[in-house]
Amino acid sequence: MTERIIKFDEVEIATQAFGNPAHEPILLIMGAMASMLWWPDEFCQKLAAQKYYVIRYDNRDTGRSTIYQPGEPPYTMDDMAEDAIRVLDGYGIDSANLIGMSLGGTIAQIAALSHRERVKTLTLVSTTPMGIDTSALPHTADAYMAHAATGETVDWADHAQVIEFLLKDTRMIAGVAHPYDERQARAFVERDVKRAKNFVSATNHFMLRGGQALKGKLAELAAPLLVIHGTADPIYPVEHGELLARTVRGAKLVRLEGGGHEIHPDDWQEIVSAIDAHLR
């Protein structure tokens, strides 16, 4: 694993790469408030072992990338999609296979529609279709919304409070198919919070807009699409993934039975195999 800072327009994006640069490139884009660590090291290594060059990065306001004043993000999701392309530029990669999760899935959709020549394939995990009406779909689970509301009482400058809130979050987004490992989750959250320049800046992600110019364009997606979605996802119920797959001609849908809004170790083999088959 190597680490590199990509710099452009007064922005710094922290990145890490796994595997052989001569292999087929994959760019991983993570979701709201989540640094690149949410693509687990071992998961990235499993992808790289299939002869892919795997790159993950910290979105703005997460990890070691550029951060902004909390409550005042001077960027949009469109800018974050451009960040993905700039990361490819930084690695000298003309086109890559994009994999986006949650908000990262929205960013990946914007990038794929705005830069068709740069995106070979698209894989969307635990996300929702961009630019089409989803009002008839099931919404985020009430229990999770109640938990999220408690975030307003968290002192985001207090690492101990932040860790306890995020730890509960990892439990709330977990599926029902696999056991929840609180000890492992706590170790991960502590690592993520400690690594961040200023974790409170990540809350800027909830204020972002973008993709308005691409409204209604999803069906025109050129890149072959794979949708991976847990059937017990409390953030974006599986119907969001189903609509994604119906909207894009030729799209494939993999349902992770009992899976939540997560990349659980017990699902890694199924996810990696599906991605490998899609890219080949």
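**Setting up.** I am working with a predicted model, where local features need pLDDT of at least 70 and side-chain atom pairs count only at pLDDT 80 or more, while totals for chains, interfaces and linings use all residues. Residues are numbered from 1 along each chain as its sequence is written, and side-chain values use heavy atoms, with hydrogens and water left out.

**Overall search.** I searched the whole structure and found 14 salt bridges (a side-chain nitrogen of Lys or Arg within 4 Å of a carboxyl oxygen of Asp or Glu).

**Asp9 and Arg86.** I found this pair with its closest N and O atoms 3.2 Å apart. Asp9 sits in the loop between strands S1 (2-8) and S2 (11-18) and Arg86 in helix H2 (residues 77-90), so the bridge ties together parts 77 residues apart in sequence. Helices (H or I, at least four residues) and strands (E, at least two) are DSSP runs, numbered from the N terminus. I looked up accessibility too: Asp9 is exposed at 60%, and Arg86 is partly exposed at 29% (buried is under 20% relative accessible area, exposed over 50%, partly exposed in between; 1.4 Å probe, protein chains only).

**Glu24 and Lys120.** Here I read 2.9 Å from N to O. Glu24 belongs to strand S3 (residues 24-29) and Lys120 to strand S6 (residues 119-125), so parts 96 residues apart in sequence are tied together. Glu24 is partly exposed at 30%, and Lys120 is partly exposed at 35%.

**A network.** Finally, I noted that salt bridges link Asp41, Arg56 and Arg191 in a network.
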